[in-house]
Amino acid sequence: MLRSGAANHTIARELGLDKATPARYRAALGMAPVPRSAPNRCTLTLDEKFRQFVRVVDGGHMEWVGRHTKSSGTPVFSFAGRTVTARTVAFQLARGGAPEGYVTTECDHEGCVAPEHVEDEPGRNRLRAQLAALTGQESTRTACVRGHAAAEHRRYLPNGSPYCGTCQDMAKAAGRAAA
Ligand SMILES: [Zn+2]
Ligand SMILES: [Zn+2]
């Protein structure tokens, strides 16, 4: 049985031996231990772990029932000893790659973490530009008042209203410096 590759516990059970006996003979015969199958705990994939913390609601939206960071309320969970944000993981699950910039919910269900309902910066910009065009808010200006090229720096609010992302970043930085 040892030579056929049977596990120690199988041999012990079939032959009515003490559990330690097959291992002792295996060692005495100079045979390597049979690799144990991975233990059940900690073997959830990132996808499975993510899905433990979501509740699917009408419209395919997913509400986060896991924990949130105290500071910003960002939905997060632990995976492989690290804290990961739910929306970033959702993005990765849907697109198969890491997001560019931060990830936001882009459907109308607040806080939704459905993989198909989140976008990274380029995706968000694309969607909101379409909304701007649909709602007649798209600007024909090619640069902002400070001369930042629209093609590179233009961003949009969730309602499709365009603004200069670089000017806003500068204003935020100035606000932080003044605080
Ligand atoms: Zn949604
Ligand atoms: Zn600007």
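Which residues coordinate the zinc ion (ligand 2)? In this predicted model, the coordinating residues are Cys-144, His-148, Cys-164 and Cys-167. The domain assignment divides the protein chain into domain 1 (1-37), domain 2 (44-119) and domain 3 (121-179). This briefing treats the domains, the zinc site and a surface patch in turn.

**Domains**
- The centres of domain 1 and domain 2, taken over C-alpha atoms, are separated by 45 Å.

**Zinc site**
- The zinc ion (ligand 2) is held through the SG atoms of Cys-144, Cys-164 and Cys-167 and through ND1 of His-148, at 2.0 to 2.2 Å.
- The site of the zinc ion (ligand 2) is tetrahedral, and the angles among its four donor atoms run from 104 to 115°.
- Along the sequence, the donor residues of the zinc ion (ligand 2) follow the spacing C-x3-H-x15-C-x2-C.
- Because His-148 belongs to the loop between helix 5 (121-134) and helix 6 (150-153), while Cys-164 belongs to strand 9 (residues 162-164), the pair ties together parts that are 16 residues apart in sequence.
- Both His-148 and Cys-164 are buried.

**Nonpolar surface patch**
- Met-1, Leu-15 and Leu-17 make up a nonpolar patch on the surface, and together they have about 270 Å² of accessible area.
- Leu-17 is located in the loop that lies between helix 1 (8-15) and helix 2 (20-28).
- Leu-17 counts as partly exposed because its relative accessibility is 37%, and the partly exposed class lies between the limits of under 20% for buried and over 50% for exposed.

Note on methods:
Residues are numbered from 1 along each chain as its sequence is written. Chains are lettered from A and ligands numbered from 1 in the order in which they are written. This is a predicted model: local features need pLDDT of at least 70, side-chain atom pairs count only at pLDDT 80 or more; totals for chains, interfaces and linings use all residues. Side-chain values use heavy atoms; hydrogens and water are left out. Patches are made of residues with over 30% relative accessible area and no salt bridge: like charges are joined within 9 Å, nonpolar side chains (Val, Leu, Ile, Met, Phe, Trp, Tyr) within 5 Å. Accessible areas come from the Shrake-Rupley method with a 1.4 Å probe; for residues, only the protein chains shown count as cover. A salt bridge is a side-chain nitrogen of Lys or Arg within 4 Å of a carboxyl oxygen of Asp or Glu. Helices (H or I, at least four residues) and strands (E, at least two) are DSSP runs, numbered from the N terminus. Buried means under 20% relative accessible area, exposed over 50%, partly exposed in between (1.4 Å probe, protein chains only). Donors are N, O and S atoms within 2.8 Å of the metal (3.2 Å for Na, K and Ca); water is not among the atoms, so sites may look incomplete. Four donors count as tetrahedral if all angles lie between 85 and 135 degrees; four count as square planar and six as octahedral if opposite donors are over 155 degrees apart and all others between 65 and 115; anything else is irregular. Domain bounds come from an automatic or database domain assignment.
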